[in-house]
Amino acid sequence: MSGVAIIRYLLANNAPLTAVVASSKIKAGIVPINTELPSVSIRQISGQEQSLIKRGSNMLVTERVQITVLAVTYPQQKSIIELIRSALPPTRGTVNSYAVDSITPDIDGPDLYDDSPIIYEQSIDYFVRFLR
């Protein structure tokens with residue numbers, strides 16, 4: 001169980017997003033070289049476990065998760081970032097059987113560009129708190 005797994009489940013099961021990015025191209029970890037674009041990479045940036053006061057209870061885990069969009073055009077990149085925002089509103093509850101305390105947006109990364117091959121890239125970070 002991880003923040004990456006929680007975020008990937010929500011994104012891969014969001015119909016508006018998967019209409020643009022196939023769920024098979026929403027990857028936990030890095031996107032393999034030569035993957036057809038657009039695609040999305042989901043990675044953990046940092047994490048912390050905290051013991052709860054109640055004895056014998058689970059750990060409360062907070063992870064910062066970065067979602068990176070790789071696209072063919074700049075407008076496509078921006079459109080996918082907005083679809084991700086819509087797919088991940090501030091949330092709490094059960095997600096794919098995980099007890100999620102909260103999912104909240106953090107910061108947006110810069111617009112990046114690579115011309116060989118042409119890739120437009122941007123990231124958006126979220127804090128994911130869940131019980132382990």
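Tutor: In helix α3, the face turned away from the buried side carries the exposed residues Pro 75 and Ser 86. Exposed means over 50% relative accessible area, buried under 20%, and partly exposed in between, with a 1.4 Å probe and protein chains only. Helices (H or I, at least four residues) and strands (E, at least two) are DSSP runs, numbered from the N terminus. The model is predicted: local features need pLDDT of at least 70, side-chain atom pairs count only at pLDDT 80 or more, and totals for chains, interfaces and linings use all residues. Residues are numbered from 1 along each chain as its sequence is written, and side-chain values use heavy atoms, leaving out hydrogens and water.

Student: Which residues of α3 are buried?

Tutor: An α-helix has 3.6 residues a turn, so residues three or four places apart point the same way. In α3 the buried residues are Gln 77, Ile 80, Ile 81, Leu 83, Ile 84 and Ala 87. They lie on the same side of α3 because they cover an arc of only 160° around the axis, the arc being that of the directions from the helix axis to the C-beta atoms.

Student: What do the buried residues of α3 pack against?

Tutor: Their partners are α1 (3-12), α2 (15-18), β2, β3, β6 (112-115) and β7, where contact means heavy atoms within 4.5 Å.

Student: How many residues of strand β3 are buried?

Tutor: Eleven of the 13 residues in β3 (residues 59-71) are buried.
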